Amino acid sequence: MKGSAKLLASLAVAVFALLAAMPAFATDGPVPNWMPQNVNSGYGNRVDDLYFGIYVIVAAFFFLTEGLILFCCIAFRAREGRKAKYIHGSNVIEVIWTVIPALILIGIGIAQAGTWHDIRLSFPKESDPNTTVIQTFPKQYEWHFRYAGADNQFGSADDVYTTSIHVPLGKKVLNKLSSSDVIHSYFVPHARVKLDAMPGMMGRTWYTMDKYSVWDIKAEKMVILTGEELAGKKVGWSIQNGPTRDHWGFILSETMIDAKEKAIQSGMKKYSYAAIPNKTTVKVWHQGKFQDAPIGEVEFVFHRYEVACAELCGMQHYNMRSFVYVDPPEVYAAWYAAVCAQAAKTGAPETTTKRWHLNWDKAHPTWNKVID
Amino acid sequence: MSEHAQDHAHPAPHEHIPVEPKGFIRKYIFSIDHKWIGKQYLVTSLFFLIVGGGLAMLMRWQLAYPGSTVPVIGGLLKNSWICGPEGAVSPEGFNQLVTMHGSIMIFLVIIPILVGAFGNFLIPLHVGARDVAFPILNAVSYWLYFPAGLIFLASFFVGDGGAGSGWTAYPPLSDLNNSAPGMHYGQVFWLFGVFLVGFSSILGGMNFMTTIIKLRAPGMTWTRMPLVTWAQFVTALFQLLATPVLASAMMLLMMDKLFGCSFFIPRDLAIADAPTGRSGNGHPLLWQHIFWFYSHPAVYILILPGMGLASDLLACFSRKPIFGYKVMVVSMTGIMGLGFIVWGHHMFQSGMDPRLGTAFMMSTMLIALPSGVKCFNWIATLWQGSIRFTVPMLHALSFLSMFIIGGLSGLWMAATPVDIFIHDTYYVVAHFHYVVFGGTLFAVFGGLVFWFPKMYGRMMNNALGYIHWTLTFITFNLVFFPMHILGEAGAMRRVSTHTIYEFLQPIQWMNVMISHAAFILGFSQLIFVFNLFWSMYRGKKAEGNPWQSATLEWTGPSPLPYHNFDKVPVVHRGPYEYSTGVGDKDWISQDEPASAGGGHGGH
């Protein structure tokens with residue numbers, strides 16, 4: 001019996017030490033944090049603060065309760081001469097450990113309510129010119145987006161249809177969501193945004209992206225920079241996200257690591273940007289302006305934030321991915337002008353427009369009416 | 001005191017002693033003996049535990065090494081619904097694995113083992129009855145559950161594969177037969193299986209509730225019932241009130257699938273741009289409301305009996321009465337009351353009216369309270385005890401410490417703004433595995449080792465028990481704790497290949513580590529299964545009360561006779577009269593005469 005007590009104590013200490021140490025492996029930030037860096041100044045920080053606020057309370061209860069269990073296991077283990085105390089309970093103690101947690105729990109709830117209201121019940125006005133309105137209408141297993149086009153009216157011939165989105169830095173974005181087939185869920189981890197795209201109704205979510213995702217060509221990795229941090233850099237574009245063909249200087253390649261076998265084993269992909277062959281100079285964004293620069297001087301390429309589907313939607317659900325590109329406002333304006341011009345010229349295929357008109361306007365749950 | 005207690009207890013049940021049938025079929029197949037039916041549930045649910053665990057192993061292989069051939073059995077699974085031509089798990093196969101793992105574990109393992117096995121075996125013994133109130137109905141419950149399990153498994157082999165819409169079966173994915181592979185016959189089989197198992201559950205709940213209300217032995221007042229039985233009583237209430245709602249949902253979805261109705265299909269829906277042809281005046285959100293109205297209470301069906309088992313073990317091996325018995329009972333009923341008004345927290349991101357989100361957040365915060373109070377009471381039970389680290393006790397302590405982690409992690413998900421980020425991530429997976437595996441399964445393991453002597457007349461092997469617990473405790477934490485971090489990093493659940501996402505690639509090492517720990521965890525369970533079956537025939541013969549426990553089942557020999565008690569016992573005190581300081585031994589059985597002392601346990 002004594003041996004098993006030691007076994008329990010040492011095992012329990014080892015496991016709890018391991019659990020407690022896990023957050024120490026975390027990457028960056030003042031608090032141990034594995035979350036993707038937050039880039040949504042609309043409410044992302046508030047979500048993170050609430051997360052870590054709960055973290056502190058939970059950690060206190062975790063160490064209190066688990067510590068007490070460990071203490072009991074060691075101090076009150078059965079041994080020669082030890083007699084348990086015959087106690088049935090204490091009303092005073094029961095009241096104390098009911099009332100205190102109750103107050104804490106209600107406090108946590110109240111602390112969340114305001115942020116929840118600001119995220120889900122208070123939206124930027126669609127009529128505000130500073131709001132970018134994007135309709136999102138996914139189908140298995142693709143993300144489809146629509147901008148209003150030059151006439152600023154959805155449902156007209158010049159609507160812009162895309163499979164990834166561009167948004168201007170620091171401006172509010174309003175995403176309206178529905179679905180033409182099954183339930184999908186629009187998840188942008190870096191923006192702390194998630195909302196189901198539910199067929200038969202329209203959901204709304206909003207956010208403000210306040211940091212750029214750029215690719216560091218030398219370091220071969222994505223970095224997240226503020227407007228000030230990026231101002232002195234020379235940033236180019238790839239064919240995925242350049243406003244016009246003139247801006248394209250790079251190709252994003254998603255190549256497998258090493259041999260196929262190794263890639264299959266690890267499942268890893270490596271992303272890199274290669275210069276478009278025969279290009280010697282490219283347009284870059286530098287000091288708040290479009291400029292020409294030798295391709296060798298380009299330090300960064302505008303990269304993207306990932307969009308995932310967070311609701312099981314069928315066979316290729318795992319691969320239902322899209323992107324949010326955050327542009328400087330002037331770059332966004334140039335991109336938007338280019339895609340509007342293209343849309344006015346070619347229009348959208350009939351299958352696309354037909355799908356977009358399925359029940360979209362009727363899909364209006366009661367609560368949307370309330371906040372309108 | 002005892003005479004007084006007897007006055008307001010139920011009158012003695014009739015003294016008719018049932019006779020054990022002789023024929024093989026009546027004795028072993030269609031038995032109506034609650035103990036044998038309990039064992040039938042036990043063996044069947046352990047079989048499904050191995051199946052469900054095996055599916056989890058396949059999932060873990062894919063998550064650690066996406067697209068690579070499954071070792072050992074990859075060749076056998078080539079070109080199946082699970083695996084592609086190279087023997088690697090296919091995307092649609094992964095969805096089926098996710099769905100069937102969850103469904104099997106919830107509907108065919110945890111609920112049946114807790115309610116079917118422990119409920120059946122223990123309730124009549126704990127209340128001092130010779131059997132349940134409706135023995136034939138009891139057999140019917142099992143014989144609905146068993147074919148339901150077979151129908152579940154058969155769904156893998158019909159049409160183009162098993163159900164693949166998750167255990168939550170959200171329409172329109174689960175509703176439209178052409179929305180994905182496995183959504184036609186596989187999904188119909190799944191629905192029918194859940195429907196049957198739901199009926200089994202309703203019949204069981206009704207039976208147990210009647211047994212507890214009507215068949216308590218003289219002197220067995222409500223406050224003298226062991227907490228195991230109280231937990232089963234509250235669970236039976238849950239089953240009676242919530243499961244019919246699930247059965248209705250299954251029926252509605254079945255009507256959608258088989259007869260072209262549109263309960264959950266809105267207008268103008270199209271798959272691959274082709275209209276579905278349904279009239280479409282229903283709504284998918286309706287399913288979520290109905291489903292979670294059952295399935296959140298189901299979460300408590302999954303944990304409450306485990307709480308009961310752990311309560312008995314913690315008291316017995318601390319050699320102390322349970323701290324705050326009545327508060328424990330009130331907490332359980334509180335969980336039940338609140339359990340019916342928190343379902344919306346599964347739907348915070350569904351597009352449901354956000355004002356409802358605020359209301360459900362507050363009710364969810366409050367339901368943490370009774371669970372928290374129970375944890376404090378369990379710790380207080382350990383306090384100043386004389387703790388014996390037997391194998392059942394190690395499992396009970398693991399239950400307590402792991403359930404605390406599972407309960408605490410629920411707070412993040414209850415908080416609506418925080419839930420936006422962690423909803424549908426591995427955070428949720430970590431949370432519910434800490435509750436259902438860390439909580440319930442540890443309690444089940446502890447309970448099985450504890451009551452094994454009463455079931456089979458032998459003790460389970462101690463050395464194998466310690467090895468199993470040690471490996472399980474360590475690897476369980478190595479598997480599920482890092483999943484909190486995966487969730488914090490944003491890793492989505494039900495996704496077969498995380499490495500497709502740039503933001504998840506840096507933490508792929510964690511998936512690999514988790515999978516290796518999971519393989520050891522899976523292997524460790526085989527030790528338990530081996531120990532169980534080996535000990536049935538080769539274990540050390542058990543005495544009547546090997547754990548020196550105070551409840552009624554320990555007053556007879558091990559195993560108990562067919563009729564349980566030669567004479568219906570008269571109960572004089574509560575179930576946890578340990579270390580009273582009266583007499584030579586440190587426990588007093590519930591049926592010992594009042595002169596034996598131990599006055600506090602129940603009135």
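Me: Are H2(A) and H11(B) roughly parallel or roughly antiparallel to each other?

Reply: This is a predicted model, in which local features need pLDDT of at least 70 and side-chain atom pairs count only at pLDDT 80 or more, while totals for chains, interfaces and linings use all residues. Residues are numbered from 1 along each chain as its sequence is written, and chains are lettered from A and ligands numbered from 1 in the order in which they are written. The axes of helix H2 (residues 44-75) of chain A and helix H11 (residues 354-382) of chain B come within 9 Å and cross at roughly 20°, the axes being lines fitted to C-alpha atoms over the stretch in contact and the angle running from 0 to 180 degrees between N-to-C directions. Since angles under 35 degrees count as roughly parallel and those over 145 as roughly antiparallel (65 to 115 being roughly perpendicular and the rest oblique), H2(A) and H11(B) are therefore roughly parallel.

Me: How many nonpolar residues has the contact of H2(A) with H11(B)?

Reply: From H2(A), Thr65(A), Leu68(A), Ile69(A) and Cys72(A) meet Cys375(B), Ile379(B) and Leu382(B) in H11(B), contact requiring C-beta atoms, placed from the backbone, within 7 Å. Ala, Val, Leu, Ile, Met, Phe, Trp, Tyr, Cys and Pro count as nonpolar, Asp, Glu, Lys and Arg as charged, and the others, Gly among them, as polar. By these classes the contact holds no charged residues and 1 polar residue, and its nonpolar residues number 6.

Me: How many of the 29 residues of H11(B) are buried?

Reply: A residue is buried if 20 or more other C-beta atoms, placed from the backbone, lie within 10 Å of its own, exposed if 12 or fewer, and partly exposed in between. H11(B) is largely enclosed by the rest of the structure, because its buried residues come to 23 of the 29.

Me: Is Gly296(A) buried or exposed?

Reply: Gly296(A) lies in the loop between strand S15 (289-294) and strand S16 (300-302) of chain A. Because 9 C-beta neighbours lie inside 10 Å, Gly296(A) counts as exposed.

Note on methods:
Helix = DSSP H or I, 4+ residues; strand = E, 2+ residues; numbered from the N terminus. Contact = placed C-beta atoms within 7 Å.
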